[in-house]
Amino acid sequence: MVPLGEQYWSGPLTLSGQTVRIGKGAIADLKEGIGNMETRCCLFCSAPLRRTFVDLGMHPLCESYVSEDKLNQMEPFYPLHVFVCEQCFLVQLHEYVSPAEIFTEYAYFSSYADSWVQHAKRYTEMIIERLNLTAKSFVVELASNDGYLLQHFVAKGIPVLGIEPAANVAEAARKKNVPTLVKFFGRQTASEMITESGRADLVLGNNVLAQVPDINDFVAGIKVLLAPHGVVTIEFPHLMKLMEANQFDTIYHEHFFYFSLMSAERIFAAHGLTLFDVEELPTHGGSLRIYGHHAEDKTHSVTERYRELVQREKAAGVERPDTYATFAEKVRETKRNLLEFLIEAKRKGKTIVGYGAPGKGNTLLNYCGVRVDFIDYTVDRNTYKQGKFLPGTHIPIFPPEQIKTTKPDYVLILPWNIKGEIMEQMGYIRDWGGQFVVPIPEVRVYS
Ligand SMILES: [Zn+2]
């Protein structure tokens with residue numbers, strides 16, 4: 001994309017040693033200047049960030065649920081403006097909010113999603129067998145949340161340690177007998193840990209790599225923590241799937257990065273870690289699980305499926321700037337379609353409620369400007385969220401039983417990644433002719 005200033009260039013002027021432009025070019029310069037008042041650089045390679053991937057406007061923090069007594073107070077909103085680095089093709093949000101603000105008290109408890117706990121259990125069984133983990137091994141999970149995963153290692157007698165920055169979530173893990181350190185992970189924490197408990201045979205992190213703005217410090221920490229023949233596995237939503245399936249609602253302040261396999265490979269390589277395998281998973285709308293080891297370690301060779309995905313990403317153009325140019329318009333069209341559906345339903349006098357209060361729902365509802373004018377309320381199994389209100393839109397959150405009481409015509413499923421599980425649990429809405437609506441990748445009604 002050519003900056004506006006280049007298109008309307010109307011001749012340079014030199015003023016106190018600086019070149020300035022006049023006419024429309026000057027206005028564009030001014031806009032650029034405002035944008036650059038903060039240094040906007042790639043969080044991995046430090047190249048200046050100039051190319052917009054998508055700009056979703058201003059949003060509150062998507063996990064900052066509002067309690068009733070705060071409803072009439074100001075709420076901080078921050079930009080959700082995603083860029084793609086033209087140097088390393090890492091898709092990223094500028095760091096508008098520090099992780100300390102986001103994660104110290106966190107509302108996301110992994111154990112509330114049955115399918116996610118099952119996913120964790122299957123992973124545990126697979127990796128124990130693949131790496132021959134025993135009671136003599138040591139497993140560390142980065143951002144171990146409420147112990148949803150490590151509990152399965154504990155059950156098999158394998159020593160574990162979880163690291164979790166949110167004290168309230170870590171407390172829930174300790175109740176499951178999962179030893180948990182309340183800390184942010186990085187080089188410093190890793191050094192302290194190896195003095196305390198030694199290096200780890202398995203370091204794992206699910207949906208954490210995207211959530212640490214100082215990605216260089218985080219991956220360097222993995223290098224420090226990993227035993228000489230240890231393996232690291234990391235899961236994150238796959239950028240290719242996000243683009244293909246229009247999953248713009250998974251963009252929120254907690255997610256600083258949106259990775260392709262190739263961008264992840266480049267980051268790990270910069271810290272002396274080599275990726276050797278990758279799995280494509282259905283979780284979170286399409287994720288990757290990457291496997292890495294020390295660059296010096298020759299235990300594992302690069303798998304065929306790894307090479308194949310690298311080829312597929314190259315063919316899809318993940319390292320070509322124009323690949324990222326069309327996404328923003330696709331997002332705007334999704335907004336128009338969702339609003340069209342909601343307006344039509346309301347004109348017909350239908351009632352609509354939400355299911356779930358996930359982060360992604362908040363991005364969607366705030367971006368589309370959908371409040372109680374369309375959605376009467378939403379429900380969530382997480383008792384922490386019940387009785388509170390969605391950030392920004394202030395839609396009230398009730399326990400799921402509320403749906404049985406009010407018998408709405410439509411239930412809009414906000415965590416579309418687990419729509420199957422929800423439609424099964426809530427199948428009874430069909431008794432009164434209720435229907436499910438899934439907003440992503442495009443609005444679809446399920447009878
Ligand atoms: Zn970069």
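**Helix H10.** I looked up helix H10 (residues 261-270) in this predicted model; helix H10 lies across S10, S12 and strand S13 (287-294), and runs at about 155 degrees to S12. Helices (H or I, at least four residues) and strands (E, at least two) are DSSP runs, numbered from the N terminus. Axes are lines fitted to C-alpha atoms, for helices over the stretch in contact (heavy atoms within 4.5 Å), and angles run from 0 to 180 degrees between N-to-C directions.

**Conventions.** I noted that residues are numbered from 1 along each chain as its sequence is written. Local features need pLDDT of at least 70, side-chain atom pairs count only at pLDDT 80 or more, totals for chains, interfaces and linings use all residues, and side-chain values use heavy atoms, with hydrogens and water left out.

**Sheet.** I traced an open sheet of seven strands in the order S8-S7-S6-S9-S10-S13-S12, with mixed pairing (two strands pair if DSSP finds at least two bridges between them). Strands S8 (180-181) and S12 (273-281) are at the edges with a single partner strand each, so one side of each lacks a neighbour in the sheet. Strands S9 (residues 200-206) and S10 (residues 226-237) run parallel, joined by six bridges. Leu204 stands opposite Thr233 in S10.

**Zinc site.** I found the zinc ion coordinated by the SG atoms of Cys42, Cys45, Cys85 and Cys88 at 2.3 Å; donors are N, O and S atoms within 2.8 Å of the metal (3.2 Å for Na, K and Ca). The donor residues are spaced C-x2-C-x39-C-x2-C in sequence. Cys45 is partly exposed at 29% relative accessibility, whereas Cys88 is buried at 4% (buried is under 20% relative accessible area, exposed over 50%, partly exposed in between, with a 1.4 Å probe and protein chains only).
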